[in-house]
Amino acid sequence: MTHGRNMETELRTASGMRPTGALHLGHYFGVLKNWVELQEKERAFFFVADWHALTSEFEHTEPLRHNIKEMVVDWVAAGLDPEKCTLFRQSLVKEHAELSLLLSMVTPVSWLERNPTYKEQQQQIVGKDLGNAGFLCYPVLMAADILLYKPHGVPVGEDQLPHMELTREIARRFNNLYGSIFPEPRAMLTKAAKCPGLDGRKMSKSYGNGIFLSDPMDDVRKKIREMFTDTARMRRSDPGNPDVCNLYPYHELLSTEEERAEIRQGCVTATMGCVDCKKVLIGHLEEFLAPLHERRGALEARPGAVDEIMDAGCRKARAFASQTMEEVRGKMGL
Ligand code: TRP
């Protein structure tokens with residue numbers, strides 16, 4: 001693959017995730033679904049951002065290897081197809097480190113210090129040492145991850161917008177200094193897909209309120225059955241309110257419009273109980289999760305399959321990234 005005319009006109013996208021543990025429905029509807037759709041339309045590079053995980057977890061590296069593997073299995077289960085997109089691990093493509101270093105030369109420390117995500121996390125995350133240079137430089141590494149693949153857009157969650165802004169600023173500064181190499185990629189957000197956790201708070205592993213892509217169906221059924229709905233609806237004969245119900249947002253994600261109309265009507269008139277409403281949802285979750293479980297089973301039945309996927313992906317990513325780096329070194333006079 002050379003940077004020919006084809007390379008200038010093809011649509012490309014790149015994105016990554018930190019390997020912090022099993023993925024849940026919030027990840028799926030927030031970001032992964034978008035990735036799965038993009039692999040059909042564009043040349044897509046998706047990577048496990050293991051160096052980014054280290055910026056805050058450098059004291060606890062034991063779970064890293066396991067989490068990296070688990071993330072790739074979750075990805076493939078979710079429908080990412082290594083034949084259609086490039087799946088790899090950031091730390092195995094050293095060009096990410098080289099570009100990060102070079103971009104750090106043109107990035108003022110003040111840009112990094114005033115990054116809202118940085119300030120917020122410094123203040124909010126207690127009990128973790130975030131005074132390391134690697135954490136401050138998190139967005140520089142992220143800019144490198146992205147710009148290496150010269151994408152027009154980056155599918156991420158809303159929380160990543162400050163980082164995307166910095167990526168564009170760094171690209172602009174670089175282009176002004178050395179000549180245009182990089183695009184200024186935009187964030188590609190999914191249409192507000194609200195996927196709260198089982199208790200109505202944001203779905204998060206640390207809250208213990210998640211439905212995981214790897215949960216066996218029996219666990220999923222149990223989680224839904226035990227879920228609180230509209231807490232003001234004490235008896236079956238009380239009318240409920242879908243707008244304050246913890247369960248209803250899942251119908252927004254998984255049920256048809258007609259079903260939603262029926263549920264809404266049944267709930268507010270107390271003609272449908274929460275047990276029946278949950279049955280409809282469980283049916284949809286079964287349908288949704290069945291192909292994911294099947295792909296997971298197939299992958300896990302092939303020992304070494306994850307490593308093969310990563311090796312092949314790393315080779316493809318490196319081939320592209322190394323060409324970008326030649327161009328970068330040339331422009332910078334190295
Ligand atoms: N910061 C992202 C997250 O926390 C992970 C990430 C690292 C990333 N490098 C990236 C996302 C490049 C998009 C593009 O999820």
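How far is a nitrogen atom of the ligand from an N or O atom in the side chain of Asp145? The distance is 2.7 Å, which falls under the heading of a polar contact (a pair of N or O atoms within 3.5 Å). This is a predicted model, in which local features need pLDDT of at least 70, side-chain atom pairs count only at pLDDT 80 or more, and totals for chains, interfaces and linings use all residues. Residues are numbered from 1 along each chain as its sequence is written, and side-chain values use heavy atoms, with hydrogens and water left out.

**Ligand surroundings**

- The ligand is surrounded by 13 residues, each with a heavy atom within 4 Å of it.
- Gly16, Arg18, Tyr138, Asp145 and Gln160 are the closest of these.
- Arg18 places a polar side-chain atom 3.0 Å from an oxygen atom of the ligand.
- In the side chain of Gln160, an N or O atom is 2.8 Å from a nitrogen atom of the ligand.
- The protein buries 93% of the 370 Å² that the ligand exposes when taken alone; accessible areas come from the Shrake-Rupley method with a 1.4 Å probe.
- Strand β1 (12-17) and helix α9 (138-147) each supply at least two residues of the shell, and α9 gives the most, with 4 residues.
- Helices (H or I, at least four residues) and strands (E, at least two) are DSSP runs, numbered from the N terminus.
- By type, the shell holds 7 nonpolar, 4 polar and 2 charged residues; Ala, Val, Leu, Ile, Met, Phe, Trp, Tyr, Cys and Pro count as nonpolar, Asp, Glu, Lys and Arg as charged, and the others, Gly among them, as polar.

**Salt bridges**

- The whole structure has 21 salt bridges (a side-chain nitrogen of Lys or Arg within 4 Å of a carboxyl oxygen of Asp or Glu).
- One of them joins Asp50 and Arg89, at 2.9 Å from N to O. Because Asp50 lies in helix α3 (residues 50-57) and Arg89 in strand β3 (residues 86-89), the pair ties together parts 39 residues apart in sequence.
- Asp50 counts as buried at 4% relative accessibility, while Arg89, at 24%, counts as partly exposed; buried means under 20% relative accessible area, exposed over 50%, and partly exposed in between (1.4 Å probe, protein chains only).
- Lys69 and Asp307 form another, with their closest N and O atoms 3.7 Å apart. This pair links helix α4 (residues 64-78), which holds Lys69, to helix α15 (residues 305-332), which holds Asp307, 238 residues apart.
- Glu10, Arg12 and Arg43 are linked in a network of salt bridges.

Terms used:
Polar contact = N/O pair within 3.5 Å; in protein donor to acceptor, adjacent residues only side chain to side chain.
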